[in-house]
Amino acid sequence: MSAQTGNAAAAPNPAESPLAPGWLAIPEDLNALHAPMWAGSVDRAADGAITVGGVGVAELKQQFGTPLFVMDEADFRDRARAFKDSFDAAFADICGGVDVYYAGKSFLCTAVVKWVEEEGLRLDTASGGELAVAARAGIAGERVALHGNNKSDAEINRALDMGLGRIVVDSLDELVRVGNIAQARGAQAKVMLRLTPGVHAHTHEFIATAHEDQKFGLSMAADTTAEAGISAAEEAVAAASAHPGIELLGLHCHIGSQIFEPDGFALAAEKLLRFLAAMQEKYAITMPELDLGGGYGIAYTPVDTPRPAAEIAVAMAAVVRSTCGELGIKSPRISIEPGRAIVGSTTFTLYEVGTLKTVRVDAPEAAGGDGGYNVTYARRYVSVDGGMSDNARPVLYDADYSAILASRTSQAAPQLSRVVGKHCESGDIVVRDVYLPGDVAAGDLLAVPGTGAYCWALSSNYNYLARPGVVAVRDGKARLIVRGETEEDLLNRDMGA
């Protein structure tokens, strides 16, 4: 139970507090920036304030307001280029390089599409709206892919109108529909089949996408109830290779998101290559492409240890090289789909602190003793001017984030804090547990790193809050790439009584 208090009773060493999760230790320096969590140009100025691309947070707040997504453009480009260069090098002797599709669902706007194309990447989309962004940005259709488990006829027709390089088909029903629409237009749709290889990634259940019991993909498990006893994946290969409206490019899988361990990627690659070889032999066809998806993890907290793009590339290339050699087949052209791993750490969210309060929290069975007893600890709630409307991931996935005092440095003692939003929900938590200086006060600015992926993309107008803008900073200059909403924007769709 908890009750509000002005000054909590003295507590034991906060590093031993049962309120803090096991991974959370008091930082040696509350003002330090843990490099893996931040974009390359983020630093502290002489006055202690955080800067990005040479622009200070006070200037950003004055010019654009808060909350605000602040993106390092050069860092985005560097990460995109690192994936392209690393995978091209690792796969050069296997299939001549790799096609890197930026997963636009993580964050998309026309500026990002242009950066992606300029850095030699392709674009992965997941809806008609994302296709519309791609079209407005002017990227060539053959460099674009379309995903989705329930594509509408309008989306399929738009994909064909744009001459998309691939449509990733998610089910037998959709395969027939895509083929029939293309055939009626006197065309062929370039199709990849998304398979579920039965690999359970080490991640949150809601973002693990290659096990059987979920909505995505065609199962590779044999269906013993079917007359032929073959899998849905094989049935799709047979149907696609025979349909006059389908050009079957190859196979696709995606095992999940925010994954650090390499085992799942390796197992999925091996299973798909073995399946591809068997299908090519059985149906006397050639499938020239294999997409191994994305899902590479980033650092949200100081204990997260993301793998560099080059390390991921070498590990995946080794599996593809050895498996193709064992099977005696020529490697298909490999493609991957990083999204979060490119954009996630490029961006932090800038908030202004509002109200603060401290509560007493009883920690049962704490500190040992005969039979255990309760110890009362202090937890401080730090409210900011955004919340679950600009970052829904904590409430959706129990996602962990960190935060740091951004507008100044402080030598005050650390205090266990919970950063919360301004919405009428008790679950409106931005950062569940973080140590912040004890003198954080209203008007201070906080920065939450790692918000480039799936924060703006999942943002909402809950409680009629306007969605924040997105600023790109480079070489000492900041510019809006997505305008923040106004109250007028919120009211424009209200048609009245």
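Which residues are linked in a network of salt bridges? In this predicted model, the network joins Glu73, Arg77, Asp78, Arg81, Glu118, Glu119, Arg474, Asp475 and Arg479. Side chains of opposite charge can pair when their charged atoms come close. The structure holds 28 salt bridges. Three further pairs are described here.

Lys151 forms a salt bridge with Glu174. Their closest N and O atoms are 2.7 Å apart.

Asp161 pairs with Arg185 in a salt bridge, and the closest N and O atoms lie 2.6 Å apart. Here, too, distant parts of the chain are linked, 24 residues apart. Asp161 is in helix α5, while Arg185 is in the loop between α6 and β10 (189-196). Asp161 has a relative accessible area of 56%, so the residue counts as exposed. Arg185 is partly exposed, at 37%.

Glu289 forms a salt bridge with Arg166. The closest N and O atoms of this pair are 2.5 Å apart. Glu289 lies in strand β13 (residues 289-291), and Arg166 lies in strand β9 (residues 166-169). The pair therefore ties together parts that are 123 residues apart in sequence. Buried means under 20% relative accessible area. Glu289 has a value of 17%, so Glu289 is buried. Arg166 is also buried, because its relative accessibility is 0%.

Key: Residues are numbered from 1 along each chain as its sequence is written. This is a predicted model: local features need pLDDT of at least 70, side-chain atom pairs count only at pLDDT 80 or more; totals for chains, interfaces and linings use all residues. Side-chain values use heavy atoms; hydrogens and water are left out. A salt bridge is a side-chain nitrogen of Lys or Arg within 4 Å of a carboxyl oxygen of Asp or Glu. Helices (H or I, at least four residues) and strands (E, at least two) are DSSP runs, numbered from the N terminus. Buried means under 20% relative accessible area, exposed over 50%, partly exposed in between (1.4 Å probe, protein chains only).
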